[in-house]
Structures are given as structure tokens and as C-alpha cells.
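Here's a quick tour for anyone meeting this structure for the first time. Have a look at the picture, then read on.

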Amino acid sequence: MNKNSKIYVAGHTGLAGGAISRLLRQQGYKNLIGRTHLELNLENESSVKHFFEKEKPEYVFLCAAKVGGIKDNSEKPAEFISRNLRIQTNVIDSSYKNGVKKLLFMGSSCIYPRVTEQPIKEEYFMTGKLEPTNEAYAIAKIAGISMCQSYRKQYGCDFISIMPNNLYGPGDHFEVGRSHVIPALIRRFYEAKKEGNAEVILWGTGTSIREFLHCDDLASASLFLIEKYSDKEIINVGTGSGISIKDLAEKIKGVSGFRGRIAWDKDKPDGMPIRLLDASKLRALGWRSIIDFDRGLKETYKWFLEHAI
């Protein structure tokens, strides 16, 4: 890409797309295209077709998706699979038909088997059963990967797929029940402190281990990969370290200033027992994450106070 390349970030108002758009602007890219959902419904084939024919972007970051936490995924699987399939199909197909030079598809670590060796290497993809609580979303993402690989094979498209781990950071969504674990916990502890509650009850046992990646690190990796990587195989984006949900809750409790106790509803699901990514393939290319997790949590909580309440 050069500074005048026409770049479309699909999902530029979301966590990943927003971070990528910010970084592109910071680095002097001057020809960015962004459309809100009201301006362009990516689930509508004719609208997407018209947009690509008119705008003719040269590069596409496909970050738009229907996303949510464990509760939302469990309760609305039809929405997660149908909406994501439509978005991906429309954007990928129109990118091919309108001569996009390169497309980066934003996948997810949930595409990997529920039970597998840790940390997870790219070669473990499609080697076992998925985590049931987010299976519909994972299958949609797997279809997106397959589309990129298929269009590359049949038409020679330079479409790549990257697999980040759990994202967090400024610009996240903080609705309890719909959001991912970090923004959900931030909202829960903030409200408990505000209302003077004695305890916060959280789902599961707290023993699950997750790896978290700051959205600005993801943006950095995305720009690096769209310049440096061109292969049909997926590539992981992660930090290489994990934390239990229990320890995460304690950290967010401390950041929020909540002084009560944490209780665990063990009748609720934990999700995948452990999910850590092996990002050695990416590190070998020359990229590493740089944002300290504790600092990232404090910045995210500050952003929440300033923008999301």
C-alpha cells in the first residue's frame, strides 16, 4: 500500500476496524473509505455490489462482523451464523469482482478445536470439535477462511486470513450479556461500585484461561501482515501469555475500585477450558505485541468512563 491507496475498512466503527482506521490515519494514509451500518448494510448483496462498483477500493480490511460474548452466542446462534455468512460472502465476492489488490479477513481463535494442544498452532485448524457455546460464530469464520482460500486458488486473489485472540481496548462494546468478557466485567464492576453492592456474581468457575490482545496491537499486526504476508494458510496474532478469568476479574475489580466480593455461579458454562495461541509464525516474520496488559486494562477502563456511560 502507498499513502494514497484507496483503502476500505469494513467495520470501521467496531473495535478491530476502529483501531485499524486510527493507525492508518496516524501513519499518513489519506484515502480511507468508511461506511456505517446505516450508510451501507453489508448483509445486502446489491448494496455491497453497488458500493464496490462505485468506490473501487484497492485494499480491504474485512473486520465487520456480528460479535458477542458467551451468553449472546449461546442464545442467538442463528443470528451469528447467518449474518456473518452474508457479510463475508458479499464483501469477499465483490472484492474479487472489482479487482481488489489485497484483502485481509479478520478471523477468530474460536475456529480452533475445543480440546487441543496448547498453545494452539495454525496446523491444529479443523482437527477436532468446536466449543459448543460459540460454534455458529466459529463455523461462519471458518467459511470466511475457506472463501479466501478458494478465491485465491481459483482466481489468484491475494486474500489472507488472520486469527487474533480475544480483543479488548478503547472502542469496545460494554453491554452486559452481549459484550466479551473484559468489557462485560468492566461494566459489572463499575455498576456494582456505583450501586454500593456487596458482591458481583460471575459466570462459571473462573478457571478458564484466556489470552487477550489489545486492539492497537491487532491494528499494528494487521498493517504489518497486509504488507508482509501473502499465503493461503491462516496466521495467528497473539501475545503468547494467558490469564485465568478469576485473575482477570480481580484485576478489573482493582482497576474499578470495587471493594466487595466476587462470587461464581458454577452452574453457568466456562466455555473453552484454555485458549492460547502460538504466534511464533508471526514473530518469525518480525512482529511482536508491545502493549502491557495492566496498562491496557487501565486505558480501557478510562475510555469506558469517558465514552460508554
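R114 touches K129, L130, E131, P132, G271, M272 and P273, leaving out residues up to four places away in sequence; touching, or contact, means heavy atoms within 4.5 Å. This is a predicted model, where local features need pLDDT of at least 70 and side-chain atom pairs count only at pLDDT 80 or more, while totals for chains, interfaces and linings use all residues. Residues are numbered from 1 along each chain as its sequence is written, and side-chain values use heavy atoms, with hydrogens and water left out.

**R114 and its loop**

- R114 sits in the loop between β4 and α5; helices (H or I, at least four residues) and strands (E, at least two) are DSSP runs, numbered from the N terminus.
- R114 is partly exposed, with a relative accessible area of 31%; buried means under 20%, exposed over 50%, and partly exposed in between (1.4 Å probe, protein chains only).
- What does the side chain of R114 make a polar contact with? Its partner is the side chain of E131, at 2.5 Å.
- A polar contact is a pair of N or O atoms within 3.5 Å; within protein, one must be able to donate a hydrogen and the other to accept it, and residues adjacent in sequence count only if both atoms are side-chain atoms.
- Along the chain R114 and E131 are 17 residues apart, yet their C-alpha atoms are separated by 4.7 Å.
- P119 is found in the loop between β4 (102-106) and α5 (135-155), and a cis peptide bond with omega of about -10 degrees joins Q118 to P119.
- M126 also belongs to the loop between β4 and α5; M126 isn't a glycine, but has a positive phi of about 65 degrees.
- M126 is exposed, with a relative accessible area of 57%.

**Another positive phi**

- K56, in the loop between α2 (45-55) and β3 (59-62), has a positive phi of about 50 degrees although it is not a glycine.
- K56 is partly exposed, at a relative accessible area of 42%.

- Q88 lies in helix α4 (residues 77-97) and is buried, with a relative accessible area of 2%.
- Setting aside neighbours within four places in sequence, Q88 is in contact with L62, F105, A140, K141, A143, G144 and M147.
- R152 is in helix α5 and is buried, with a relative accessible area of 18%.
- Among the residues R152 touches, not counting those up to four places away in sequence, are C157, F159, S230 and D231.

- An open sheet of 3 strands runs in the order β11-β8-β13, with mixed pairing; two strands pair if DSSP finds at least two bridges between them.
- β11 (243-244) and β13 (274-275) stand at the edges with a single partner strand each, so one side of each has no neighbour in the sheet.
- Strand β8 (residues 209-210) runs parallel to β13, joined by 2 bridges, and R210 stands opposite R275 in β13.

**The second largest pocket**

- The second largest pocket holds about 190 Å³ of space.
- Of its 16 lining residues, the closest to the centre are F212, T239, S241, D292 and F293.
- On a 1 Å grid over the protein atoms alone, a pocket is an open set of points where a 1.4 Å probe fits, with protein on both sides within 12 Å along at least five of seven lines; lining residues have an atom within 4 Å of a point.
- β9 (212-214) and α10 (293-307) each supply at least two residues of the lining.

Notes: Points joined across faces, edges and corners; volume = space filled by probe spheres on them.
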